[in-house]
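Let's take a look at this protein together. Have the sequence and the 3D view open as you read.

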Amino acid sequence: MTAAGTALVLGAGLVSPAQAAPADDDTCTRGQAQSVLEAAPRGWAQIQRGQDHAGIARADSDCSYFLFGDWEGSGSTHTFTDDDVFAGQVTWFYPYEAAGVTRREAAAELLSEADRVWLTPVLPDGTLGERVELDVEATPVKNVNLPDYGMTVYRTFAVVLDLEPGEYISTWHAVYADEVVQATDVRLIITP
């Protein structure tokens with residue numbers, strides 16, 4: 001991102017999504033996965049207020065993974081069950097007030113972001129199967145007032161997945177101004 005160089009990429013929620021699937025009686029649903037796309041920063045806010053027991057806070061922490069891996073930008077491994085429907089997500093934040101630009105300028109920056117995601121099965125012999133590009137859903141540009149940054153615009157990108165048991169590689173590319181600016185592989189394990 002340009003402007004004052006202050007645009008941030010933060011996983012939707014600023015907390016680490018699940019490293020393991022929820023208990024069998026807490027299967028992740030399509031609605032929870034979709035809520036991660038639509039309102040994940042609200043989940044983070046609920047968690048920060050200690051409201052991590054239900055709703056978007058639970059979906060954000062238990063029913064999603066960061067497309068970019070971990071906070072260092074390296075890959076990670078996430079486990080879900082074949083009953084789970086979950087989201088791979090990333091949210092781009094641009095604190096325009098702190099950057100000294102207008103909301104319109106910051107929104108234009110976010111709208112020039114085009115994330116891409118592929119899914120590749122790991123075959124039983126350890127080789128990789130056919131890599132398939134997934135449809136990435138994106139929200140419109142939304143507003144949030146972040147305590148440390150002030151008025152901020154953000155946009156979430158996500159894929160909603162319902163996978164058969166096995167192992168998969170989720171590959172994410174952040175494309176800005178027709179150039180790949182970040183790329184990460186994340187390993188997904190789906191248990192029966």
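## The disulfide

Here, a disulfide is a pair of cysteine sulfur atoms within 2.5 Å. A disulfide is a covalent bond between the sulfur atoms of two cysteines. Keep in mind that this is a predicted model.

By that rule, you'll find 1 disulfide. The partners are Cys 28 and Cys 63, with sulfur atoms 2.1 Å apart. Look along the S-S bond and you get -85 degrees, so the link of Cys 28 and Cys 63 counts as left-handed. Cys 28 sits in the loop between strand S1 (8–10) and helix H1 (30–48), while Cys 63 sits in the loop between helix H2 (55–62) and strand S2 (64–66), so the pair ties together parts that are 35 residues apart in sequence. Both Cys 28 and Cys 63 are buried.

## The whole chain

Now zoom out. The protein chain has 4 helices and 11 strands. It runs to 192 residues, and 47% of them count as buried.

Who touches whom? Taking contacts with a separation of 6 or more, 69% are between residues 24 or more positions apart.

## A look at Thr 152

Thr 152 is part of strand S9 (residues 150–161). Is Thr 152 buried or exposed? Thr 152 is buried, because its relative accessible area is 0%.

A polar atom of the Thr 152 side chain lies 2.9 Å from the backbone oxygen of Gly 150. Leaving out residues up to four places away in sequence, Thr 152 touches several others, including Phe 93, Tyr 94, Lys 142 and Leu 146.

How values were computed
Residues are numbered from 1 along each chain as its sequence is written. This is a predicted model: local features need pLDDT of at least 70, side-chain atom pairs count only at pLDDT 80 or more; totals for chains, interfaces and linings use all residues. Side-chain values use heavy atoms; hydrogens and water are left out. Helices (H or I, at least four residues) and strands (E, at least two) are DSSP runs, numbered from the N terminus. Buried means under 20% relative accessible area, exposed over 50%, partly exposed in between (1.4 Å probe, protein chains only). Contact means heavy atoms within 4.5 Å. A polar contact is a pair of N or O atoms within 3.5 Å; within protein, one must be able to donate a hydrogen and the other to accept it, and residues adjacent in sequence count only if both atoms are side-chain atoms.
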